[in-house]
Amino acid sequence: MSQRRGIHVDQSELLCKKGCGFYGNGAWQGLCSKCWREENQREKQRQIQEDQALAERLQREEEEAYASRHQRAQSQPAVTPFNKFEERKTKEKSSRVNTVTKFFTPSTKTPPKKDAGPFDTQSTPSPSSSAGRQSSLDRDRATQEFIDFLKAVKSGREIFKQCRAFTESMAYKRDMGADELSECVQDFYQNLSDRLHNQFKGSSELVERVMDEVEKYMMTRLYTEVFCPETTDDEKKDLAIQKRIRDLHWVTIEMLCVPVDEEIPEVSDSVVKAITDIIEMDSKQVPKDKLGCITRCSKHIFNGIRVSKKEAASADDFLPTLIYIVLKANPPRLQSNIQYITRFCNPSRLMTGEDGYYFTNLCCAVAFIEKLDGQSLNMSSEEFELYMSGQASPNGPQPAASSSSSGSAALSQAHNSLDVLTGLDERQERVIEKARQLESDLIDWTDEVEQKVQSALESFPLETQQSTTSAASETASAALSAIDSENVENELLPPPLQPQVFAG
Amino acid sequence: MATAGAAGSRTYSFKVVLLGEGCVGKTSLVLRYCENKFNDKHITTLQASFLTKKLNITGKRVNLAIWDTAGQERFHALGPIYYRDSNGAILVYDITDEDSFQKVKNWVKELRKMLGNEICLCIVGNKIDLDKDRNVSVEEAESYSESVGAKHYHTSAKLNKGIEELFLDLCKRMMETAQAEERAKGNGASQSASSRRGVQIVDDEPQATPAGGCCSSG
Ligand SMILES: Nc1nc2c(ncn2[C@@H]2O[C@H](COP(=O)(O)OP(=O)(O)O)[C@@H](O)[C@H]2O)c(=O)[nH]1
Ligand SMILES: [Mg+2]
Ligand SMILES: [Zn+2]
């Protein structure tokens, strides 16, 4: 377990995955902020376009399906509108439309579990990275699954239309604050579930299942937009809690009164699994899936407690253990994840469900870690400060002086060098942070200049811009730039010799 | 959060928090109620911190979620995170422990301040099987409860006394509150954002003047 706390950083892991030489960041999929921003911008742009195209096609198909159903209504009343799409599919040559029509084919023909299945036909090569394509695939799959699910639901088509329209409308609200976005989504959930109850007369269980699927569909599409948005200080809070947890590395299981005995193999196994699950939360997109990670983490904790104490875990046991797990795991983007779940999860799950209970405990654990002081660990504030500043460190369960004197000397030396290393690590951390700040300032500055140039260009259009209309002026501009490039080269040469007149 | 439909066919979902000092018997009460167990060393339950119970009260379905809270003093400040959005709170003290009753009084003040009158409060004197060691008088506890708009119950998790009544009564009260809320907001209208989130901050304590004698030590 202890190696988790150690400092193992491979220099190459720190650098931006694009190889631009800047430092990358796990929160930005290993890219530096500049590359990430570019990637993300392109991704957003593409998503808007895709959504737009999808919306248009679905609209068209829906109308056609509706018309065809009316035509067939007399002769073949049993035919579902979906079959019509299957027919049309063979006629349509555009593969993009194929993808969309396949969304509506009965699942017996397109097994939704086969990843490659309905998406192979996508002929347009994705211009962005595989990560971008992956999230686009995720979104397509979410749509496919949502439609498959709704086929069996009364008014499924109606529900899909509403969700799609709402999700698209969110794309135009990107400048809204996070709380307003959350209000919008929560209002939508509320209205939809009210309608499912009152208008469609769904049972509570059915409504709950539909709402789960609605959340999955919508949040998969909106994830990149609304997770840790730039309008909030979520990212700042992430860094703060991450640093706080790192500073608390010296806190032991005894100080927190955690009732688990890691000497027992099954218990230490549960602890490792709990840590893995809580770290995994960050990799999920749908709030319900993130909650699932917290719940799995909690169940492992319960198991650890039950095996250690030989009784069922109560809240008195659970909370301190969860705090301990969070301290050990230092989960990535902890605050962003908590905020995202709070803002966009189905409220019923959060407020009364079992998942909600574990989530609330996680919120408690974070609040406790933020406010933690000497008193909450049963020590004097002086002692607490010594540990926090790294001037002292608890020696763990066995005091160093217990063995021979030479052994204890070696141990204390090891402690000293560890402290030095920690200090170095912290300094490096600060340097990197400053560098990042500088970097993002530079990016902002470039953006600003770019914007200014753009607006200048717009208000004073260049003649060469209009030249694209005629081939003649195009060659002229090419020639012009050729001359320019010659000039550039000339600058590298020594100045031409000037004829000099000598009197005499 | 209570979700009750206009048609009356919907299931009520209630969240109830258990509050009180450590060792007063919170966990014992809920384990007795949900699994009819007391000090059972043969563990078949994985955990006793979140338990649910399905009830049918006068033809209406109720899903009760009971949230145990960490009772240690160092976690006291986390209370508001736990009881946010709850429909009911069960405040437990040990009748042999005067101090645990004082803690209940603190919780009442805090809950009323944070959640107003929307939350149904139950004050529970547990361990009545130990009546010979009683340190909190019945009269004091009951009159205090009345003065703060809470209902008082006497229970023993050990002997399984008074527990069914406690939870059944609480559910009925929460249903009344939910129905009143529904009527107030009108049929079919969707809840406002603030009531959906369920948190209401009240500046002044809407507290009745305590009846004589109940505040002798506080
Ligand atoms: N005599 C008696 N003991 C009880 C009763 N309820 C709980 N206890 C005991 O009080 C102790 C603390 O109970 P527990 O449920 O863990 O309290 P919690 O810390 O409030 O959850 C345990 O030893 C229980 O056996 C009761 O009604 N009568
Ligand atoms: Mg307990
Ligand atoms: Zn880069």
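The model is predicted, so local features need pLDDT of at least 70 and side-chain atom pairs count only at pLDDT 80 or more, whereas totals for chains, interfaces and linings use all residues. Residues are numbered from 1 along each chain as its sequence is written, chains are lettered from A and ligands numbered from 1 in the order in which they are written, and side-chain values use heavy atoms, leaving out hydrogens and water.

Over all chains there are 23 aromatic pairs (rings of Phe, Tyr and Trp, the last by its six-membered ring, with centres within 6.5 Å; planes under 30 degrees apart are stacked, over 60 edge-to-face and the rest tilted). B:Tyr12 and B:Phe14 form a stacked pair, because their ring centres lie 5.7 Å apart and their planes meet at 25°. The rings of B:Phe101 and B:Tyr144, with centres 5.9 Å apart and planes at 80°, are instead edge-to-face. This pair joins distant parts of chain B: B:Phe101 belongs to helix H3 (residues 98–115) and B:Tyr144 to helix H4 (residues 138–147), 43 residues apart (helices, H or I of at least four residues, and strands, E of at least two, are DSSP runs numbered from the N terminus). Both B:Phe101 and B:Tyr144 are buried.

A charge also accompanies the ring of B:Tyr144: the charged end of B:Lys105 sits over it, 5.3 Å from its centre (NZ of Lys or CZ of Arg within 6 Å of the ring centre and within 35 degrees of the ring normal). B:Lys15 places its charged end over the ring of B:Trp67, 3.8 Å from the centre. B:Trp67 is in turn part of a cluster linked by ring pairs, together with A:Phe302, A:Phe318, A:Tyr357, A:Tyr358 and B:Phe50.

In H4(B), the buried residues are B:Glu140, B:Ala141, B:Tyr144, B:Ser145 and B:Ser147. Because they cover an arc of only 160° around the axis, they lie on the same side of H4(B) (the arc is taken from the directions from the helix axis to the C-beta atoms). B:Glu139 and B:Glu146, on the other side of H4(B), are exposed. After H4(B) comes B:Gly149, with a positive phi near 70°.

Conventions. Buried means under 20% relative accessible area, exposed over 50%, partly exposed in between (1.4 Å probe, protein chains only).
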